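Hello,

Here is the structure I promised to pass on to you. Please have a look at it first, and then read my notes below.

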Amino acid sequence: MDQNAHGETSPDLLLEIRGVRQAYRKESAADLVVLEDVDLQLRPGEIVGLLGRSGSGKSTLLRIISGLLTPTGGDVIWRGQPLRGPAPGVAMVFQSFALFPWLTVDENVELGLEAQGIVKAKRAERAEAAIDLIGLGGYESAYPKELSGGMRQRVGLARALVVHPDLLLMDEPFSALDVLTAETLRTDLIDLWSEGKLPVKSMLMVTHNIEEAVLMCDRILVFSSNPGRVATEMRVKFPHPRNRLDPAFRKVVDDIYAVMTRRPVPRTTTALSATEAVRIHPVSSNLLAGLLEVLAGAPYNGRADLPALAGPLQLELDDLLPIGDGLQLLGMGVLEEGDLRITESGRAFVDADTDDRKQIFAAALRANVPLAAQIRRVLDDRPGHRASAVRFRDELEDTMSPDYADETLLAVISWGRFAELYSYDEEADQFFLDDEE
Amino acid sequence: MSDTPFPAFASQRRLPNLFDLVAGACILAALIYVASVARGTVGPIDAPEATAISLDPANLPAYAVRTTLRMFAALAFSLLFTLTYATWAAKSRRAALILIPLLDILQSVPILGFLTFTVVFFLGLFPGQILGAELAAIFAIFTSQAWNMAFSFYQSLKTLPNDLDEATRSFGLSTWQRFWRFEVPFAMPGLVWNTMMSMSGGWFFVVASEAITVGDTTFKLPGIGSYVALALEQRSIPAVFYAILAMLVVILLYDQLLFRPLVAWSSKFRFELTASEDAEDPWMLKLLRRTRLLRAATDVIGSGFNVLTGLRLALPRRAAKERVPSKLADALFLGVMGLALLYALYLIVQFTSTSLSWSEVLEAFLLGLLTLVRVVVLMVLATIVWVPIGVWLGLRPVWGRRAQPIAQFLAAFPANLFFPIFVVLIVRGHGNPNIWLTPLMILGTQWYILFNVIAGASAFPGDLQEAAKCFRVGGWLWWRRVILPGVFPYYVTGAITASGGSWNAAIVAEVASWGDTKLEARGLGAYIANATAEGQTAKVVLGVAMMSAFVVAFNRLLWRPLYGYATRRLTLG
């Protein structure tokens, strides 16, 4: 089954994606590429996970597959036909549940059937079956706002399953739930899948939780960012139910961490040297300091395995990696092969008191974040020591999307404030220097 | 919601109960009465009994029903307008370029100024028929209701939640299904609230538009408004009080039977997934839910509605790639619009240059300034009076809960019914009309400030209050730093409505008469009112345009920046 000749559409393929590219047009500069050259094949009977950090385009890919989004390039072949718009055989489960608050559980579940023009009696019968299958019996007449998060996502699942889709798409389906609820829901879903009770042929899920992906999926595509591409494809061959503590399971998790902390080589050098800016996550300086302190102290003593660090801190990949990235960007930490290591300047920061910390941080900021250094330089040069933020935002938007530019500017504002490198007036959208005399 | 927990039971025993009897009898009686009264709307206008008004209070119930019917007819048209106009503006990028600014201007045009044109138009449409005059009155009310409803609907359509949008698309709902299952329900709370606000404003105009003189044409449509007009001509103070009493009953019924049940019902559509503490259902809603027959009837209507809205009607699907807007079509569209604009300008210049001079424009502008001064002074006074009272009431939950419905009720009451009382007082006391007619402008609209401030103060977070108390923030500092910023966004919302309403009221308030005595204040409102009465179209156009310009400028220069500031800096969370 694995040896599929390239370029041929085999009849047992549900979905085939070839060279898909998604870019947003920009007036001034080059297109912003979100996805580049993505290939993917889906067969009946498998659960595939799309794993990546935020901004790696995995959710975009899911929307392309669902037909909600038309890619700017490449082919999407659904059951041998090019995909045009949402296909009837595809159903989607949303991160935010996307339930209609004015419809009862029953009405929410029947919505997709109604859209297909199925008669009332038949709708009721199928809805009841889906509701019972997913463990919602007794809640039929409840409104979503009366339900807990876990129950709401069960409604989301029932609504998707009731249309008997060939492919079930799930966009971070458990990330809005608390740990326990998410675990129950995962187990229930996998149990139903293993027992062959789910009326679906294949499932494709987006997640940023590495353990979740390893726990559920038969195949995991790990995405790299900027632009999003498939960095690695991994097969997980353990039978269900899987044991998180199994050393082989841990090994896969570690391997994925290693892939995900591997920096794309060409990016690092150009980004820091030239005018082109990197996208920065607005991570609070408190988090940076907190992680540095944990890292410097026992038992890690300056070097920690990321999965080991994530567990006790109750952080998920998407929370932990941006902090690590921030430290790396500021030269206070280094991410390598799934580990986070503290640097000299990071250790100096931990050992210093509040005022010295600000100075160390300011020095790190000026040395490593060209944008922050540039803002300070401009302010020093201006007689009034004021400068509009618009110009910096515009410059950022030449190389990244407006959302990312905003985020980056937000990070630079917050770090600059902490370092007392400059101040920012939100009302006027201006940077300025406080009179220090 | 308090639906029956045992649906199986309910469907088995749909026997009528006591509530059914009461509700059924009321509905039947109301239908018969409305039908008999409504027969009066068709027929020739010069038939003596058609437009003869009598001051006999026994006629008042029938007049009240006629007035109310006009109101609801206008409401039906407003809803129709909202669902089409706003949808069109929201779905078509090009149409929105024209439709939205148009709506913005229409919102600021003084409605009573329209009457001159619409009366002539509708009377011409049905010559010699009462229907023409009825339609003119209904249109006047429509213009007071439709714009903000359309705006609210448009804004809802523009802020549809992304995930639900994707859900409807991925499940393949048709355009028609999507509209009724997703877009309309999402817009419902805002739409219901704006409809209710429109109704409140509408009472003012229904009363004002029932007795109209345009040049030589005078007509009186049977209703509370024309009853009051007659009472003024005949100097009958008791009749004025009867009219006020009748209106009180009407508004009370409307408030209890419609407003409250509707608002409570629409809370089901609120877009939130957290169960908020629901206020107790109004008695009318409870009654409707308890009566078996009525429930069965609404169930039938509801499922019929569901079948109708569930039809898979769809516009032909457009190619998915058509996202990139065509520059050529845009240019063509803008070109056509530009030509239309030039032609409109040409018409305006041609029309005004023959009948108006620059000195008249200047005069209207100066009169506008006078009215502006009145509005500003009144707003300041109303703020000084009602903000502290509103804060006081709002911070005491028991009082606030009692006061808020009363303030809302007062806002709905057509203040023009009270005008005669003031006029009598001014005439008796020989007051200067330039000063003493002024308060009439804000008589009906000041309540918007009050109930919004009450709402703001009662929504003020308890922990902030405790923090202020804990740090002993008191006196003026407390007002300045704690409560005024806290209620400011609510105050601005109320003040925008109040100031807009005051401009409109100026047309009615700056000229008042009592029998043969005529009181007049200098101002743009009086200018428009007099020009309307004399049938001088050019002057009416000038006055209306000038007032619109003042209102638009006032909104753009004062209220919009204030509102922006309030939402940016002073909203919590």
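**The sheet in chain A**

β12(A) and strand β13 (residues 339-342) of chain A run antiparallel and are joined by four bridges. Strands count as paired if DSSP finds at least two bridges between them. Helices (H or I, at least four residues) and strands (E, at least two) are DSSP runs, numbered from the N terminus. Within this pair, Glu336(A) stands opposite Asp339(A) in β13(A).

Before going further, a word on conventions: this is a predicted model, in which local features need pLDDT of at least 70 and side-chain atom pairs count only at pLDDT 80 or more, while totals for chains, interfaces and linings use all residues. Residues are numbered from 1 along each chain as its sequence is written, and chains are lettered from A and ligands numbered from 1 in the order in which they are written.

The pair belongs to an open, antiparallel sheet of three strands, in the order β11-β13-β12 (chain A). β11 (303-305) and β12 (333-336) of chain A are at the edges with a single partner strand each, so one side of each has no neighbour in the sheet. On average, neighbouring strands of this sheet are turned by 15° against each other, direction ignored. Helix α10 (residues 306-313) of chain A lies across β11 and β13 of chain A and runs at about 85° to β11(A). Axes here are lines fitted to C-alpha atoms, for helices over the stretch in contact, and angles run from 0 to 180 degrees between N-to-C directions.

**Domains and chains**

Chain A has domain 1 (15-260) and domain 2 (285-432), with bounds from an automatic or database domain assignment. Their C-alpha centres lie 34 Å apart. The contact takes 13 residues from domain 1 of chain A and 12 residues from domain 2 of chain A; two residues are in contact if their C-beta atoms, placed from the backbone, lie within 7 Å. On the domain 1 side, helix α7 (residues 247-261) of chain A gives the largest share, four residues.

In chain B, the assignment gives domain 1 (56-275) and domain 2 (356-569), and their C-alpha centres lie 21 Å apart. Here 31 residues of domain 1 of chain B are in contact with 34 residues of domain 2 of chain B. α11(B) gives the most to the domain 1 side, with seven residues.

Between the chains, 27 residues of chain B are in contact with 25 residues of chain A. The largest share of the chain B side, six residues, comes from α8(B).

**A helix pair and a hairpin in chain B**

Helix α22 (residues 475-509) of chain B and helix α23 (residues 524-534) of chain B pack at an angle of about 55°, with their axes 7 Å apart. They are therefore oblique to each other: angles under 35 degrees count as roughly parallel, over 145 as roughly antiparallel, 65 to 115 as roughly perpendicular and the rest as oblique. Ala506(B), Ile507(B) and Ala509(B) in α22(B) meet Leu524(B), Gly525(B), Ile528(B) and Ala529(B) in α23(B).

Strand β3 (residues 511-514) of chain B pairs with strand β4 (residues 517-520) of chain B in the antiparallel sense over four bridges. Ser513(B) has Lys518(B) in β4(B) as its bridge partner. The two strands form a hairpin with two residues between them, and Gly515(B) in the turn has a positive phi of about 60°.

Best wishes
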